[in-house]
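Please walk through this structure with me.

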Amino acid sequence: MSAVLPAPPVTYDSAKRGLPFVSEALALWDFRHLVAELVSRDIKVRYKRSVLGIAWTMLSPLVNMVALTIVFSEILKQQITNFPVYLLTGSLLWTFFSQGTSYAASLTVDAGDITRRVYVPRSVFVAVAVGVALVNLLLSLVPLFVIILVTRHPVSTAWLFLPVPILVATIFTAGVGLLVFTMSSRFVDVKETYMVLLGTWFFITPVFYVPAIVPERFRWIITLNPMTHLLNLFRAPLYEGRIPGARVLLLSVAAALVALAAGWLFYARKNEDYGTRS
Amino acid sequence: MKTTALEAEPAAVAASTAPVDPAPAIQLDGVSVRYEFAKEPILSLKEYAIRSLQRRLQHGELVAIQDVSLVIERGASVGVVGPNGAGKSTLLKVIARVRRPSEGRVRVRGRVAPLMELGLGFHGELTGHENIILQGAFLGFSRKEMLARIPRIAEFAELEAFLDVPVRTYSTGMASRLAFSVATDVDPDVLLIDEVLAVGDERFQSKCQDRMREFRARGKTFFLVSHSLGTIVESCERALWISEGRIVRDGPAQEVTDAYHEWSLSGAATVPAPS
């Protein structure tokens, strides 16, 4: 034994364990490369065998938007200034949220498969789900800008504010994603239940209508819905061409932080138990 | 695994016979792993809610390993034998940090590379090249770190010509060779292998054996679970016989495997008492 290396330090000690919500966060940071690789794997695999490739991500919101514009402005005669831009901004952010959270719920099978064999913090999979949805959101900003230009919507310097609403929406999505993912690791019917819930949630979110058309006595539902404020925050620069007001900013940041704190605490507390039952 | 390096600690428990290694690679102190499961598998949220309201939730418990204490020195090669369901894989899992012990303490020094079921996370649509990077990411390596290793990994796996084709076109042998090459190239301090040393053809197997020897010579440790007693005698110095979650024999590989073999043939229903 000539070239024996010096003893490496103790890298894992099951007795030394900090607070779960801190240690789980450090563990996720250690595996940031894995998150990046899994996100890029997901995107690559999704587009590798399709003819349209990455263009599809940009085309599908356009097709949707055209259909919905016809339904809502032509058939229902709804009066919203530049409806295509109003609708597209709303539906892009809604799609980001619903895709990120429902994808997180469906990744529990993959997560179980992998964490049975090698140590990987399970939060990696939530980060991947949100990451994939975020990449799709960023890609679909391209068709949005095309529509903005085509419809002669005013171009504004307020667009520079755009990273803020996207960041806030990402935090909110991650929080809800963690809740759904953790529940879904334990119970098989969580994903379907959540999909039904998302369907209802969509209709109480002003994606294709303005809150003003909602009768007064139901409007509190819209106001209590955190997605309403996130949509307002996102639309302020893009649709209204202005920096959002303090109220909208405060409400949506608060919603995002509460969601992330709740999601992370629940995940850190239950993840180990739920993740090793199967 | 890339975790925060904790302070090195002197070993509290020492193996009785072997020269004492002040810094063993793996140390288990009174480790038990219990799995809790619902008596009737209730998997849906609806059912769970209904039953917990009716107070009809019953939990059972399964003890996979029980009060196992173990010191494995650096550079050791340890084989694990035992009947199905004895707790062999669970033992590997507590060392790999996949399962947290219900009781007791596990300490591991250095990076652990588990090689349980080959081709973990391989994706058929991705090329060999992309899969190497992904595989490395599972072990905590960045893309940049893996890019530097790719030529060596490909050479050892003898897959240089196939790096740019999707892994779904690989044969089982090719995929296993790739997985083995990645797991051993990332220079782990502890290599955990579950039933997978039969990789590739005879020539490749002898290459694997060489790599294992070189591993141990450098103070690296490996831990092998297998039903093939021949493989264990060939590649390990020490062996553990596990039965019903306990270590019943621990000693030189030849002796332990012989005793296990004899017991298996005797058809004895009772498990020998721990010695």
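Of the 275 residues in chain B, 43% are buried (buried: 20 or more other C-beta atoms within 10 Å of the residue's own, with C-beta atoms placed from the backbone; exposed: 12 or fewer; partly exposed: in between). This is a predicted model, in which local features need pLDDT of at least 70, side-chain atom pairs count only at pLDDT 80 or more, and totals for chains, interfaces and linings use all residues. Residues are numbered from 1 along each chain as its sequence is written, while chains are lettered from A and ligands numbered from 1 in the order in which they are written.

Chain B has eight helices and nine strands (DSSP runs numbered from the N terminus: H or I of at least four residues for helices, E of at least two for strands). Take its contacts between residues at least 6 apart in sequence: 72% join residues at least 24 apart (contact: C-beta atoms, placed from the backbone, within 7 Å).

Now look at strand β3 of chain B, residues 77-81. Five of its five residues are buried. B:Ser77, B:Gly79 and B:Val81 point one way from β3(B). B:Val78 and B:Val80 point the other way.

Which strands pair with β3(B)? One is β7(B), residues 221-225, which runs parallel to β3(B) and is joined to it by four bridges (strands pair if DSSP finds at least two bridges between them). There, B:Gly79 has B:Leu224 as its bridge partner. Another is β8(B), residues 238-243, also parallel over four bridges. In β8(B), B:Arg238 is the bridge partner of B:Val78.

Next, the helices. In chain B, α4 (residues 143-157) and α5 (residues 172-185) cross at roughly 135°, and their axes come within 9 Å (axes are lines fitted to C-alpha atoms, for helices over the stretch in contact; angles run from 0 to 180 degrees between N-to-C directions). The two helices are therefore oblique to each other (under 35 degrees is roughly parallel, over 145 roughly antiparallel, 65 to 115 roughly perpendicular, the rest oblique). Residues in the contact include B:Ile153 and B:Phe156 of α4(B) and B:Leu178 and B:Val182 of α5(B).

Helices α6 (residues 123-150) and α7 (residues 163-186) of chain A pack at about 140°, with axes 9 Å apart. That makes α6(A) oblique to α7(A). Among the residues that meet are A:Phe125 and A:Val130 in α6(A), and A:Gly177 and A:Phe181 in α7(A).

Methods: Contact = placed C-beta atoms within 7 Å.
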